[in-house]
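Dear colleague,

I am handing over the structure below, and after it you will find notes on what was found there. Please read them with the model open beside you.

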Amino acid sequence: AGIPIQITESGIAEGKGKPCADVDFNWFDVYRTVAQGLRKDVKGDMSVVWLQGFLGTPPVIQGIQGFKDEITKIKGIKLATDVQDGQYATAPSLNIMKTLVQSGLKFNVAIGACQEITDGIIQALREENVPRKSVTVVSVNGGPIDIKNFNEGTLDYCLSLSPGLHGMICAGNLLAYMNKQTYQKKSYSPIIWVNAKDWPQKLI
């Protein structure tokens, strides 16, 4: 039909139709960077609880692979249990985290795949009276909820990636294509590792 398709947060299926552009985050690299940042900044052995978004979707599959590949190369990081499905939402993440704590699972790092998941993790740790200093909390997002949690002292690290900036890149690229200007066929949006001290300067 001559209608251009630009994809993001997805994979390209086999078939005749092809997108004009694929604008995404490098999900392998996102979670490799999380593993590298933790190993650089946190002392001692780490046992990680990880609440992801929708299990089985391409970004999640790629992110899990990137993280697992990286922790085979660096010492002192392991998953305390299977990656959990937080559904990119606070309520299910809160319930999952409370169940894990109540089960007696031993862990000292908790990673949330978005600000809503991370907020559920933080609420669960608070409600279960887990000492704040006993768990390093990490978010993969950097949105307003993460900023609130940084300000409240309940978030330690964040892999900052901005869906808002990403949306602007997607829109600008599609406009360039439609106007027969130079455009990117394959593009990754920026990420950066930040902590509770430097996020005001570095957060995207």
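**Cysteines, core and helix packing**

The count of disulfides comes to 0, where a disulfide is a pair of cysteine sulfur atoms within 2.5 Å. This is a predicted model, in which local features need pLDDT of at least 70 and side-chain atom pairs count only at pLDDT 80 or more, while totals for chains, interfaces and linings use all residues. Residues are numbered from 1 along each chain as its sequence is written, and side-chain values use heavy atoms, with hydrogens and water left out.

Cys-20 is in no disulfide, the nearest cysteine sulfur being that of Cys-170, 11 Å away. Cys-20 counts as buried at 13% relative accessibility (buried means under 20% relative accessible area, exposed over 50% and partly exposed in between, with a 1.4 Å probe and protein chains only). For Cys-158, the closest cysteine sulfur is in Cys-114, and the 11 Å between the two sulfurs is too far for a bond; Cys-158 is likewise buried, at 0% relative accessibility.

The largest nonpolar core has 49 residues, and those with the most contacts inside it include Tyr-31, Leu-38, Phe-67 and Ile-111; such a core is a set of buried Ala, Val, Leu, Ile, Met, Phe, Trp, Tyr and Cys residues joined through side-chain atoms within 4.5 Å. Its largest share, 6 residues, comes from helix α1, residues 27-41 (helices are DSSP runs of H or I with at least four residues, strands runs of E with at least two, numbered from the N terminus). Leaving aside neighbours within four places in sequence, Leu-38 is in contact (heavy atoms within 4.5 Å) with Met-46, Ile-77, Val-109, Ile-111, Thr-136, Val-138 and Trp-193.

Thr-33 is also placed in helix α1 and is buried, with a relative accessible area of 17%; not counting residues up to four places away in sequence, Thr-33 touches Leu-159, Ile-191 and Trp-193.

Helix α3 (residues 90-102) and helix α4 (residues 115-127) pack at an angle of about 40 degrees, with their axes 7 Å apart. The axes are lines fitted to C-alpha atoms, for helices over the stretch in contact, and angles run from 0 to 180 degrees between N-to-C directions. That makes α3 oblique to α4, given that angles under 35 degrees count as roughly parallel, over 145 as roughly antiparallel, 65 to 115 as roughly perpendicular and the rest as oblique. Among the residues making the contact are Leu-94 and Met-97 of α3, together with Ile-121 and Leu-125 of α4.

With kind regards
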